[in-house]
Amino acid sequence: MIIDIHGHYTTAPKDLDNFRAAQLAGANDPNQRPKPSDLKITDDMLRESVQPQLKLQRERGTDVTIFSPRASTMAHHLGTEATSREWAQVSNDLISRICKLFPDKFVPVAQLPQFPGVSPKNCIAELERVVNELGFVGCNLNPDPSGGWWKDPPLTDRYWYPIYEKMVELDVPGMVHVSSSCNDNFHATGAHYMNGDTTAFMQFISGNLFKDFPTLRFIIPHGGGAVPYHWGRYRGLAQDMKKPPLIEHVMNNVWFDTCVYHQPGIDLLAKVIPVKNVLFASEMIGAVRGIDPETGFYYDDTKRYVDGLSSLSPAEKHMIFEGNARKVYPRMNAYLDAIKQ
Ligand SMILES: [Zn+2]
């Protein structure tokens, strides 16, 4: 089985964008804001909207995608805490409906109602709702709700502990995923995303978070940002900081995905990072949508690169495609077992 652990709902009907625009326009006046019930998106519209993802799954041989709301439009820095909460609920409800319409193709992961400067404690109710009531298997955690200004404390700070306690209790992992950038210095998907991934990893090295939460699990997407390429730097920094080797200090709790859009990048990832820490993903339909003229294939057709890893055995490739994901997202196993029956 091929499990793509990183897909976003980037093809929603325009009605959703219109709802969000109206919500933000009335952010400070509840009477001016549309209600979630005002958003009329039918099941037929949902089915139609995910045909591009289903087509790519068929063409590329992916069995199932772990599916979450569009990352760039989480935009936790916009509106108010109240609109952020409502926006997360609306976005998660659509994901839930899609996953119920295509239970063998999509598994739900949540957006959290984060807001800059507001304790992540405010995300607990929504996480409990989506996991306990809707069967979600994970969440996306934005390490920088301020959208490129990094105003909240590092991920290792006790500030974040309430949401970690709930993630551990519910046994759901978090993908460390920033949203849009409101800092013009940082292109969203080309710089801000990579910064977020790399920054999160360095924060994990600097702190002792996993001593306090030995079963907390994070996925750092986009191939781990700059980390695998600079693995020696990070090992050396940890050593200088008198931390244990990274394999003990961080890598029992952190996984990297394969959203690296060329073969040499995947070759390096597989060579440097333990196979047990790599999860197959494409982030389709996402940041990079074109065809690579050097290969004639889509950049984000990442299964080709994993298939092309001559250094790995079939058993190791199975870990990347399926085995590791089942361990990181234990709540997904019920979905997958239902598919096989
Ligand atoms: Zn993403």
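A residue counts as buried if 20 or more other C-beta atoms lie within 10 Å of its own, with C-beta atoms placed from the backbone. By that criterion, 7 of the 7 residues of strand E1 (residues 3–9) are buried, so this strand is largely enclosed by the rest of the structure. The structure is a predicted model. Its protein chain has 14 helices and 11 strands.

**Overall form**

- With 341 residues, a compact globule would have a radius of gyration near 20 Å; the value for the protein chain is 19 Å, which agrees.
- Taken along the principal axes, the box filled by the C-alpha atoms of the protein chain is roughly 55 × 45 × 40 Å.
- Buried residues make up 43% of the 341 residues of the protein chain.
- Of the contacts between residues at least 6 apart in sequence, 78% join residues at least 24 apart.

**The sheet containing E1**

- Strands E1, E2 and E3 form an open sheet of 3 strands in the order E1-E2-E3, with parallel pairing.
- The edge strands of this sheet are E1 and E3 (106–108), each of which pairs on one side only.
- From one strand to the next, the twist averages 35 degrees.
- Strand E1 pairs with strand E2 (residues 64–69) in the parallel sense over 5 bridges.
- Along this pairing, isoleucine 3 stands opposite valine 64 in E2, and histidine 8 stands opposite serine 68 in E2.

**The nonpolar core**

- In soluble globular proteins, nonpolar side chains tend to be buried together.
- The largest nonpolar core here has 72 residues, and those with the most contacts inside it are Phe67, Val107 and Leu279.
- Helix H4 (residues 81–101) contributes the largest share of this core, 7 residues.
- Leaving aside neighbours within four places in sequence, leucine 279 is in contact with Ile5, Ile219, Trp255, Asp257, Ile320, Asn324, Ala325 and Val328.

**Helix H7**

- At 1.5 Å a residue, the 19 residues of helix H7 (residues 188–206) should span 27 Å; the end C-alpha atoms of H7 are 25 Å apart, which agrees.
- The buried residues of H7 are His192, Tyr193, Asn195, Gly196, Asp197, Thr199, Ala200, Phe201 and Phe204.
- Among the elements covering these buried residues are the strands E6 (174–176), E7 (218–220) and E8 (254–257).
- The cover of H7 also includes helices H8 (209–212) and H9 (231–240).

Notes:
Residues numbered from 1 in each chain as written. Predicted model: local features only at pLDDT ≥ 70, side-chain atom pairs only at ≥ 80, totals over all residues. Buried ≥ 20, exposed ≤ 12 C-beta atoms within 10 Å, placed from the backbone. Helix = DSSP H or I, 4+ residues; strand = E, 2+ residues; numbered from the N terminus. Pairing = 2+ DSSP bridges. Expected span 1.5 Å × (residues − 1). Contact = placed C-beta atoms within 7 Å. Core = buried A, V, L, I, M, F, W, Y, C linked by C-beta atoms within 7 Å. Axes fitted to C-alpha atoms, helices over the stretch in contact; angles between N-to-C directions. Rg over C-alpha atoms; globule rule 2.2 N^0.38 Å.
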